[in-house]
Structure formats: structure tokens, C-alpha cells
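I opened a new structure today and kept notes as I went. Each entry says what I looked up and what I found.

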Number of protein chains: 2
Amino acid sequence: MNAPAYRRVAAELRAAIERGDYPEGSVLPKLEEIAQSYSIAKQTAREAVAELEQEGLVEPVRRRGTVVRPAPVRQRLVRARQVFRDERGYYFDPAAQPWVALEPPAVSWGPAPRDIAPLLGVHPGEEVLIRDRLMGDPNTRRPTQLATSYLPAHLARGTRLAEADTGPGGIYDLLELQMGHGPLEWFEALGARMPSPREAERLALPRGVPLLRVVRTATNPAGTVLEVNDTRMSGEAFEFGYPITRHPSAASQQ
Amino acid sequence: MNAPAYRRVAAELRAAIERGDYPEGSVLPKLEEIAQSYSIAKQTAREAVAELEQEGLVEPVRRRGTVVRPAPVRQRLVRARQVFRDERGYYFDPAAQPWVALEPPAVSWGPAPRDIAPLLGVHPGEEVLIRDRLMGDPNTRRPTQLATSYLPAHLARGTRLAEADTGPGGIYDLLELQMGHGPLEWFEALGARMPSPREAERLALPRGVPLLRVVRTATNPAGTVLEVNDTRMSGEAFEFGYPITRHPSAASQQ
DNA sequence: CAGTGGTCTAGACCACAAC
DNA sequence: TTGTGGTCTAGACCACTGA
């Protein structure tokens with residue numbers, strides 16, 4: 001039951017923050033002061049602060065101190081679980097989102113990631129087409145989402161799917177209208193995981209912020225998976241919201 | 001551009017794991033060996049390993065070594081976005097889940113958490129009823145979900161809502177059938193965040209595993225929020241899946 | 001019960017950004 | 001410019017657990 005010193009100190013700091021002793025935006029005592037007041041080494045104080053950092057509670061800023069992070073305000077995304085269409089092609093969010101590609105799509109051939117391969121129906125490490133896009137706010141240029149599409153090589157090799165510009169309608173229109181693989185069907189899975197350092201860097205995520213992740217598979221009518229889209233975004237900036245309707249079994253009991 | 005030593009070592013170890021040099025379940029070289037082979041201090045080697053631990057890639061086990069964690073296999077939950085009903089009351093997952101309460105519900109009065117209070121329509125820190133349940137597998141007794149309900153004090157004080165046993169149908173039937181607040185309406189928001197140490201301990205989460213979170217609000221017909229339910233589960237053990245249907249605007253283009 | 005990771009220290013120097 | 005967090009070391013001892 002004897003917690004290590006850095007954990008006890010972390011617990012005290014956490015309690016102080018939650019009590020309001022250190023409001024959002026304020027700074028904790030500096031590491032040396034923490035070390036002195038708890039009679040521990042500076043390194044140990046830093047481990048305590050790192051604990052809070054991992055929880056997303058504080059963010060150390062050089063030359064300034066350990067800043068208490070504001071309570072996250074999450075932008076609510078709507079997944080109507082329907083696919084819509086306009087002149088630009090399919091989209092999956094009924095509230096048309098204003099994000100744009102911050103960079104031209106990075107198109108490359110590479111090994112299928114371990115978690116994507118089984119969905120795509122290929123062996124892990126097998127070469128696939130990778131279309132990587134960084135989406136963000138058109139005004140602030142701040143990145144919001146990392147969207148990566150994976151397509152089997154035998155399907156995409158030598159086609160316009162492997163070009164940077166897939167034209168209006170994107171890969172789904174290519175697959176459906178020009179390659180005869182439609183009508184497409186889609187399935188989405190929503191989950192969370194920690195970012196890799198590269199993902200954290202590209203999305204400018206501080207430590208202690210997980211990814212929210214939507215993995216969408218596009219299938220032809222025979223059930224063959226044609227594409228897997230892996231979209232990652234800050235778990236602190238976004239959430240998915242939806243109303244609940246009543247099934248007939250749950251008719252009002254009034 | 002000069003990354004610190006622990007990051008460079010972490011990157012090399014990560015690459016080695018992804019290359020397959022250390023398969024799932026195998027152990028990395030021990031800290032002293034890592035330290036020697038990269039000519040760094042043991043503490044620095046440990047920081048490198050901690051980096052991988054935060055990503056959920058490895059889990060240090062005493063006396064054994066740093067074990068490479070298996071790729072997560074996520075149990076897919078279905079949220080039909082409909083509420084169903086059987087003789088036991090309302091439930092929100094059409095695939096009736098086999099989880100049971102591992103402990104009697106912990107019912108207490110306490111301050112409304114900062115992120116719950118605005119949803120509940122009370123001031124942060126204002127006293128509310130807190131009903132805390134730990135759900136888990138009935139056979140293995142392993143915890144799977146942490147479900148906490150918050151109810152405004154003025155609503156719950158002195159009622160059966162504040163008792164451990166709310167009877168068949170639970171609080172929703174009490175609110176609807178006996179207290180006349182129905183018919184209830186619900187809204188869910190799905191998100192992710194890092195666990196607190198207490199949450200991590202109760203769900204037996206290793207570091208580097210975020211929470212998947214469903215926050216459900218129950219509202220009366222006037223729009224007053226009667227209850228907020230905050231359900232947290234391992235982001236590594238669960239995901240939410242759903243098929244996509246076509247909106248009329250997206251009629252098949254074949 | 002021994003060997004692994006876990007914790008802790010004192011001290012040094014680095015590097016970045018706010019002042 | 002300089003003060004803050006960031007990194008790193010050498011060494012010591014602890015504590016848990018699986019061989």
C-alpha cells in the first residue's frame with residue numbers, strides 16, 4: 001500500500017488542481033519548488049508531473065512552467081450512419097464539414113499495417129496502395145484529422161486510384177463509375193488508441209491525448225473489401241453524438 | 001532536429017518490434033543490456049521503454065522483462081441508436097451483453113464532476129447523487145466497464161433513486177413509471193480520454209490504453225436533463241461498429 | 001529467492017521560448 | 001537573455017514475482 005513518492009506527489013497535485021487551487025491556464029510551482037516542498041529530488045518531482053501530463057491534465061511549457069490544461073471542449077461530429085452525395089461525391093457526415101486537405105495527398109506503395117491487413121484481405125506487410133491525407137481548418141491551417149486509405153495492389157496498380165488527383169468524386173467514384181466495382185457498401189468501426197509519435201506530431205497533440213479513430217471499409221456487392229479508410233483525430237477535440245430513438249419494444253410506458 | 005537519446009532508442013526499438021524482431025509475447029533486452037548496447041544510462045534506457053509503454057506497445061513485467069503486447073483484438077459493440085426493452089427494463093445494445101455488476105452499486109452523494117455538471121444543469125461541485133457500478137464478465141469476473149450515473153439532488157433526494165437496489169427496471173423505470181418524468185428521451189456522445197489512476201486500476205488497464213467513453217443523457221419531454229450516465233471501457237478491448245446505409249441522395253450510381 | 005524492473009538521489013548541463 | 005523544463009549519468013537500493 002506504500003505508493004512511491006512520485007505517485008503520492010502526483011496525487012496531491014491532482015487533488016489540488018481538482019480543488020481549484022490551480023485554475024485552468026495557471027502554472028504549478030516549478031519543479032525545484034515541488035521538489036523542496038515535498039523533500040524529493042527534482043527528477044522525482046518531474047516524474048510526478050509527467051504522471052499528470054499523461055492524464056492530459058497539465059502541459060509543461062518551457063520557460064513558463066507546468067500549465068494546467070483547460071477542460072477539453074469537444075466538437076461534436078454527427079455520424080448519421082448514412083452516406084450522402086453531392087456533386088463532389090460521397091460524404092459520410094450530414095453536417096458538411098469545412099475541412100480541407102492541408103497538403104496534397106501523399107500517395108505511395110508500402111506494406112499493409114498489421115491492423116489493416118486482415119480487414120483488407122491481404123497479408124500483413126504485403127504491398128498496398130497508401131493514400132495519406134492531412135485534413136484541417138481552411139482558415140487557421142490547423143490540422144484536425146489524419147485520413148489514410150489503403151487499397152489492394154492488384155486493384156489499384158496502374159489505375160487512376162494510384163494518382164495524386166483522383167478527380168471529382170475521388171476513389172469511390174472511380175471504383176463505382178469507371179471500374180465497375182459498385183454499388184459500394186460501407187461499414188464503420190469507431191475506437192480509440194494512443195497515437196504514434198508521428199501521428200502526435202502531425203496532429204500537434206500534447207501527451208496524454210488519445211486518438212479517436214474511425215475505420216471504414218468499402219466493399220463490393222460480393223463482400224470483397226476494396227478499400228480501408230483509417231481516420232484519426234484528437235480525442236480531446238472531437239466526439240461523436242447521436243440521438244436515441246425508441247424501438248417498438250420500448251414504446252413509451254406512460 | 002537532434003532528438004534526445006531516449007527518443008532515438010525508443011524509435012529503434014519500435015522499428016525492431018514492427019519489423020518483427022520481437023514478436024508478440026517476446027521480451028525486449030533487459031534495461032541494462034539496452035543501456036550497454038546504446039551506451040546510455042539504465043535510467044535513459046528506461047525512459048525509452050516508457051515511451052513505448054505509453055503507446056501501448058509494450059508492458060514491463062517484473063522479473064520477466066519488457067513484454068511486447070499482442071495486437072489488440074477489439075470486441076465489437078453495436079449501438080443501434082435505439083433503446084430496447086424487455087422485462088428487466090430498458091437497454092441500449094441490441095445484442096444483449098452478458099455483463100453483470102461485479103459489486104453492489106456504490107451509491108453516494110458527492111460533487112458533480114466538472115465535465116458532467118454542465119450536462120446535468122448543475123454547478124460544478126454541486127452535490128449530486130452518484131451511482132457507481134463496475135460491470136464485468138460473469139465467469140471470469142474480469143471488469144469490463146465502469147458505469148457511473150449522476151442525478152440532480154433535488155430530483156433524487158429521499159427517493160428510491162438513492163437506494164442501492166432500485167428494483168427491476170432500474171432508475172429509468174423509477175423515473176418514468178413512479179415519478180412521472182417520462183417519457184424519457186436519450187442522447188449519447190462517444191469519445192475518448194485517458195483514464196485517471198483510479199479508473200486504470202479498477203479496469204486493470206496497463207499504461208498506454210485510453211478509455212472509450214459513452215456519455216448518455218436522459219431528458220424529460222420538456223428537455224430537462226434528469227440523469228447523465230458516463231460509461232468507460234478499455235479502448236483496447238472494445239470498439240463500436242455499424243453499417244452505413246444510403247441516403248436517397250446517394251442512390252446507387254450503377 | 002534471485003533477478004528483473006521500479007524508484008530515488010545529487011548533480012550537471014542542455015535548449016528553448018518568454019520576457 | 002535567462003529561467004524554465006528537459007535530458008542524462010552513476011550509483012544505490014527497493015520490491016515484486018516467476019523461474
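**Entry 1: polar contacts across the interface.** I started with the polar contacts between chain B and chain A. The model is predicted, and I counted pairs with both residues at pLDDT 80 or more. I found 22 residue pairs in polar contact across this interface.

Next I asked which elements of chain B give two or more residues to the side that touches chain A. Three of them are helices: α1 (5–19), α3 (42–54) and α6 (170–178). The others are the strands β4 (82–86), β10 (185–193), β11 (211–219) and β13 (238–246).

I then sorted that side of chain B by class. It has 25 nonpolar, 14 polar and 19 charged residues.

**Entry 2: extent of the interface.** How many residues of chain B are in contact with chain A? I got 58, and they meet 58 residues of chain A. The area buried between the two chains is about 5,600 Å². Carbon and sulfur atoms give 51% of that area. I also looked up which residues of chain B lose the most area to chain A. They are B:Arg81, B:Tyr242 and B:Ile244, together 15% of what that side buries.

**Entry 3: how the copies are related.** I laid chain B on chain A. The RMSD came out at 0.1 Å, with a turn of 180 degrees and a shift of 0.0 Å along the axis. That is the relation of a two-fold axis.

Entry 4: I followed β13 (residues 238–246) of chain A. It is joined to β10(B) by 5 bridges, and the two run antiparallel. Within this pairing, A:Gly241 has B:Ala189 as its bridge partner.

The partner of A:Glu188 in β13(B) is B:Tyr242.

**Entry 5: salt bridges.** I counted 34 salt bridges over all chains. The rule finds 4 of them across the interface of chain B and chain A. I looked up one between the chains: the side chains of B:Glu51 and A:Arg207 meet at 3.6 Å, N to O.

I also picked one within chain A. A:Glu236 and A:Arg69 meet at 2.6 Å, N to O. A:Glu236 sits in the loop between β12 (225–234) and β13, and A:Arg69 in the loop between β2 (65–68) and β3 (75–78), so the pair ties together parts that are 167 residues apart in sequence.

**Entry 6: around B:Tyr6.** My last stop was B:Tyr6, in helix α1 of chain B. What does B:Tyr6 touch, leaving out residues up to four places away in sequence? I listed A:Arg207, B:Thr44, B:Glu47, B:Ala48 and B:Glu51. Both partners of the salt bridge between B:Glu51 and A:Arg207 are on that list. I also took one distance: the C-alpha atoms of B:Tyr6 and B:Leu190 are separated by 35 Å.

Technical notes. Residues numbered from 1 in each chain as written. Chains lettered and ligands numbered in written order. Predicted model: local features only at pLDDT ≥ 70, side-chain atom pairs only at ≥ 80, totals over all residues. Heavy atoms only, no water. Contact = heavy atoms within 4.5 Å. Buried area = accessible area lost by both parts, 1.4 Å probe. Polar contact = N/O pair within 3.5 Å; in protein donor to acceptor, adjacent residues only side chain to side chain. Helix = DSSP H or I, 4+ residues; strand = E, 2+ residues; numbered from the N terminus. Nonpolar A, V, L, I, M, F, W, Y, C, P; charged D, E, K, R; others polar. Pairing = 2+ DSSP bridges. Least-squares fit on C-alpha atoms with pLDDT ≥ 70 in both.
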